[in-house]
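Here's a quick walk through one protein model and its ligand. Have the sequence and the 3D view open while you read.

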Amino acid sequence: MTYESILVEQHDAVTLITINRPQALNALNSQVLAELIAAFAAFEADPSQGCAVLTGAGDKAFAAGADIKEMADKPASDFFNEDFFAGWTSHLVKSTRKPWIAAVNGFALGGGCELAMMADFIIAADTARFGQPEIKLGVAPGMGGSQRLTRAVGKAKAMDMCLTGRMMDAAEAERSGLVSRIVPLAGLIDEALKAAQTIAAMPPMAAKVNKEMVNVAFETTLDQGLLFERRAFQILTATEDKAEGMKAFVEKRPGVWQGK
Ligand code: HXC
């Protein structure tokens with residue numbers, strides 16, 4: 001597929017996807033959504049690819065939100081009938097079993113913050129700014145901001161962000177648990193690609209299962225989560241990669257993974 005609003009590159013086993021509308025601060029319109037869905041599906045289907053990185057073009061924004069110009073005149077019945085925003089979670093979260101990282105290079109506002117939070121984790125540039133300013137437009141988060149942000153940073157900060165619309169800088173975001181690391185903007189993509197290469201070099205089934213386990217923690221009780229973890233762990237012990245991983249450790253050499 002030829003993309004117009006995103007760029008897709010493969011760096012060995014890592015797919016780098018860049019939202020490419022810097023003149024609109026990478027605002028998320030329906031074309032970006034359609035292209036991201038296609039790019040994530042291609043990444044998921046390609047056995048040579050083990051991890052993805054999503055970022056925004058330019059040094060100003062990851063994504064400054066859903067495209068306000070596209071939404072301004074849209075009737076409510078269209079939002080409802082299209083189940084507006086449902087595609088993001090179903091394709092980028094639920095159908096993507098391989099890990100992916102958001103590399104946030106500037107503003108991540110509204111839908112941009114929500115998109116970053118769909119990633120398995122966020123690496124932020126020191127210039128990153130996060131916010132849920134939808135209230136100022138007379139609306140509210142629509143692709144996970146009230147739910148994923150609250151789970152990530154707790155009620156106090158999530159309420160503060162959603163009700164005042166203020167932005168969090170990178171330091172506050174890291175302190176609050178929203179991002180895993182902060183790096184200087186100039187080194188952001190290198191750092192994200194390096195982390196992604198590390199993940200892509202892991203046994204692929206174990207990578208998927210580790211991701212799934214952590215995500216289960218957000219969906220279930222502790223008892224059920226612990227049971228899920230034990231069962232998934234026990235299933236992994238039946239894989240060829242487990243046999244190889246433990247043998248390689250004993251033989252003091254790197255493992256060679258089959259994905260089986
Ligand atoms: C469409 C956008 C945009 C957006 C920026 N632009 N954000 N276009 N949708 N979300 C465009 C501007 O119109 C402008 O284009 C260009 O990008 C540069 O933006 P400026 O505002 O000139 O830049 P600056 O002064 O540096 O301010 C940066 C900013 C500001 C603080 C990030 O752009 C801003 O507040 N953007 C909106 C942020 C926001 O409210 N996001 C949430 C959206 S709602 P032109 O052509 O005019 O020069 C959402 C979910 C809503 O995400 C759910 C509702 C159902």
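## A loop residue to start with

Leucine 25 comes out as partly exposed, because its relative accessible area is 25%; buried here means under 20% relative accessible area, exposed means over 50%, and partly exposed is in between, with a 1.4 Å probe and protein chains only. You'll find leucine 25 in the loop between strand 2 and helix 1. Helices (H or I, at least four residues) and strands (E, at least two) are DSSP runs, numbered from the N terminus. Its backbone is worth a look too: phi of leucine 25 is near 50°, a positive value in a residue other than glycine.

Phenylalanine 85 also has a positive phi without being glycine, near 85°. That one lies in the loop between helix 3 (76–81) and helix 4 (86–94).

## Ground rules

This is a predicted model, so local features need pLDDT of at least 70 and side-chain atom pairs count only at pLDDT 80 or more, while totals for chains, interfaces and linings use all residues. Residues are numbered from 1 along each chain as its sequence is written, and side-chain values use heavy atoms, with hydrogens and water left out.

## Around the ligand

Which residues come nearest to the ligand? Out of 22 around it, they are Lys60, Ala64, Ala66, Ile68 and Gly111; a residue is near if one of its heavy atoms lies within 4 Å of the molecule. By class, the shell splits into 14 nonpolar, 4 polar and 4 charged residues. For that count, Ala, Val, Leu, Ile, Met, Phe, Trp, Tyr, Cys and Pro are nonpolar, Asp, Glu, Lys and Arg are charged, and the others, Gly among them, are polar. Helix 2 (68–71) and strand 6 (107–109) each supply at least two shell residues, and helix 2 gives the largest share, 3 residues.

Now for the polar contacts, meaning pairs of N or O atoms within 3.5 Å (within protein, one must be able to donate a hydrogen and the other to accept it, and residues adjacent in sequence count only if both atoms are side-chain atoms). Glycine 111 has a backbone N or O atom 2.7 Å from an oxygen atom of the ligand, and alanine 66 has one 2.8 Å from a ligand oxygen. At isoleucine 68, a polar backbone atom sits 2.9 Å from a nitrogen atom of the ligand. Taken alone, the ligand exposes 1,000 Å², and the protein buries 64% of that; these areas come from the Shrake-Rupley method with a 1.4 Å probe, and for residues only the protein chains shown count as cover.

## The nonpolar cores

The largest nonpolar core has 42 residues, and Trp88, Leu115, Phe130 and Leu178 have the most contacts inside it. Such a core is a set of buried Ala, Val, Leu, Ile, Met, Phe, Trp, Tyr and Cys residues joined through side-chain atoms within 4.5 Å. Helix 1 (residues 30–45) provides the largest share of this core, 6 residues. Another core lies apart from it, with 15 residues, including Leu16, Cys51, Val53 and Ala103.

Leucine 115 is in contact (heavy atoms within 4.5 Å) with Ile19, Leu28, Leu36, Leu54, Phe62, Trp88, Leu92, Trp100 and Met143, leaving aside neighbours within four places in sequence.

## Some residues up close

Threonine 15, in strand 2 (residues 14–19), is buried, with a relative accessible area of 3%. Leaving aside neighbours within four places in sequence, threonine 15 has contacts including Val8, Phe43, Cys51 and Val53. Glutamate 44 belongs to helix 1, and its side chain reaches the backbone nitrogen of lysine 98 at 3.1 Å. With the sequence neighbours within four places left out, glutamate 44 is in contact with Ser95, Thr96, Arg97 and Lys98.

Buried or exposed: which is glutamate 172? This residue of helix 8 (residues 170–175) counts as buried, because its relative accessibility is 9%. Glutamate 172 is in contact with Lys157 and Arg166, again leaving aside neighbours within four places in sequence. Phenylalanine 121, in strand 7 (residues 121–125), is partly exposed at 25%. The C-alpha atoms of phenylalanine 121 and valine 179 are 6.7 Å apart, with 58 residues separating them along the chain.
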